[in-house]
Amino acid sequence: MGSIEGLLTGFQTAFSIEGILFVMIGVLVGTFIGMLPGLGPITAIAVMIPITFGMDPTTALIMMAGVYYGAVFGGSTSSILLNAPGISGTVASSFDGYPMAQQGKAGKALAIAAIASFTGGTVSVVLLMLLAPALSSVAIAFGPPAYFALMFMGLTAISSLSEGSTIKALISAVVGFMVATIGIDGQTGTQRFTFGNVNLLEGLDFLVIALGLFALAEVCTLIINRKDRSIQNAHKLGSLRLTKKDFKEMSGPVTRQSFLGFILGVLPGAGATIASFISYISEKRIAKKPEEFGKGSVKGLAAPEASNNAATSGAFVPLLSLGIPGSGTTAVMLGAFIVLGVQPGPLLMTDRPEIFWGIIASMYIGNVFLLILNLPLIPYFAKILTVPRPLLISLVIMFSMIGVYAISFNTFDLYMLLLFGVIGFLMRLFAFPAPPLILAFILGGMMEQSFRQSLTISNGSLMVFVTEPIALSLLIIALLTFVVPLIRQLRKQKG
Amino acid sequence: MLKTLNQRISIVLFIIAVGYLVLTFQLPSYGYTSVDADVIPMVLGWLLAVLAVCLFFSKDSETEEQKARRDIPKKDLGVLIAVFAFIFVYIMFLELLGFVVVTGLFIFFCSWFLGYRKHITNLIVSILFPLLMYITFTELLKINLPQGILPF
């Protein structure tokens, strides 16, 4: 069955009344759960698994896929309105989304996020349809050295993630990497920096750090400025309408990052988080006015939003065509497939075309639903900004607490959240940027793992990073991202 | 000797780096691994120490906006510490008294302490928000939050 024929079969499944209904339920539930800090796509899918018992596998999986990208979409809302990123894939959206909301342009920020997500999602579904079989072979060609090089490339761009001192950005990154080393070492089983505390054996959760550094640190600023009349426009929704200039400004980043997000999503282990950070960094690098980033830039919001949604669809490539889950979320998805008696992998496309193509076709519809359902809801989402400041502060604290508690059911993590809130606030006071810390924390663990796997494969020889072409190319790019700005700076000084 | 803020911060960071390195040297080593558990932490510890030294000699000057950000009135600092104390008490009693009771009390008293004077609205939010969250989590999402002293 060819792609077109297969897609027509898929559309038949997705366009049935049942298909449309369950896609709609999926994206709605996903959006709602994604908006709650702490409850990302993993929880959303896990919650839905028992509900799908006894359902037709195609319908159930269509609904699950809807839950997945709905949750990624919903995660942006709390990032933009409260600076409380619920999932790691939406951290980068808060860098410019939250400043926009503070400037009284919350409506515009949410509309940009909705449109960018829709475009990213749709572009990547088209690519998924066209390239799924071919890309799966590329994905398996990525060995540990290439992964290490990819993550190293992400880390080298850290200086462009923040304004101000590069040394301070690098210190933040090193501290983030240090935090990532806490817990049991995966290869030797050694306990590192746990101080004999059993709660630290598994290391710290991403959410503890993200909500501490972003949400609680923001709460501190809100407390200090609670009577400041000059920032009252933070209560305003502003117009939802995007101007021609806005569309023009976002068209480039959205197009570029939809493609990049998809490619990064296809790579197992990369996913929406790395995709959104790399998109943000790369857009900032090529922007004519990079100084606008972090202060409410349209490009800075549109790029990670297009990218994280594109990566979500991209993650389905290894899952559907190889049966390999590339992330925690797709691993839970794989669990859902197996529970429903469907084995994803190379045979899925030929044995169960209605499921393979049904899921892909449902993504087209799901993306349209996300846009149709969410654009009119923006004024209601943004009502959160009209909540009186003292009450909003208490509610944001509670949202963060519930989010962290719901992951571990352990009050120790809440104390850690409090600690990272204090660290985040001190970092703000002394002008240390938080984004490099969170990026290094997310990449650190994975980077160390792939570094050690690479050296195990090569019997300890570092040449493994030079002899593998993908790894070498990525390392050269990483080197260039360091050297080129340096040369430019020297030239400027000479000039 | 320590003229700038950066120099004072760099000393603190250097001490952290040294402490981290001391802990790293105490990690047990295994002979048959390509990269032992202490290699990456050791690199990180040295890197932080070097960066702390760089910060000490860095000539980056603070912007006026950054300086103003640190200028917090003592009263506001007191309020900030008090809110953190509220959160601390909240965590201590969360599992003992239960989610609904502690969250309700936290929202009411924290909002009131921060200057919210519409007591009726505050009371309604303090009752409805925890209840709604509790029902959503326990009934719809099947995620158990601490029940505490309440019978449901």
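## Buried or exposed?

A residue is called buried when its relative accessible area is under 20%, exposed when that value is over 50%, and partly exposed in between. Keep this in mind as we tour the structure above, which is a predicted model.

Over all chains, the structure holds seven salt bridges. One of them joins Arg452(A) to Asp185(A), whose closest N and O atoms are 2.7 Å apart. Here the partners are 267 residues apart: Arg452(A) belongs to helix H19, while Asp185(A) lies in the loop between strands E1 and E2 of chain A. Arg452(A), at 2% relative accessible area, is buried, and Asp185(A), at 4%, is buried too. Both also take part in a network of salt bridges with Arg192(A) and Glu448(A).

Another pair is Glu354(A) and Arg352(A), which meet at 3.2 Å, N to O. Glu354(A) is partly exposed at 26%, and Arg352(A) is partly exposed at 30%.

## A look at helix H12

At the start of H12(A), a side-chain oxygen of Ser297(A) comes to within 3.2 Å of the backbone nitrogen of Lys299(A).

## Where the two chains meet

How many residues does each chain bring to the contact? Chain B brings 64 residues and chain A brings 60. Together they bury about 5600 Å², and carbon and sulfur atoms give 82% of that area. On the chain B side, Phe84(B), Ile91(B) and Leu114(B) lose the most area to chain A, together 11% of what that side buries.

Across this interface there are zero salt bridges, but six residue pairs are in polar contact. Several helices of chain B each supply at least two residues to its side, among them H1(B) and H6(B). The largest share, 13 residues, comes from H4(B). By type, the chain B side divides into 44 nonpolar, 13 polar and seven charged residues.

How values were computed. Residues numbered from 1 in each chain as written. Chains lettered and ligands numbered in written order. Predicted model: local features only at pLDDT ≥ 70, side-chain atom pairs only at ≥ 80, totals over all residues. Heavy atoms only, no water. Polar contact = N/O pair within 3.5 Å; in protein donor to acceptor, adjacent residues only side chain to side chain. Helix = DSSP H or I, 4+ residues; strand = E, 2+ residues; numbered from the N terminus. Contact = heavy atoms within 4.5 Å. Buried area = accessible area lost by both parts, 1.4 Å probe. Salt bridge = Lys/Arg side-chain N within 4 Å of Asp/Glu carboxyl O. Nonpolar A, V, L, I, M, F, W, Y, C, P; charged D, E, K, R; others polar. Buried < 20%, exposed > 50% of the residue type's maximum accessible area, 1.4 Å probe, protein only.
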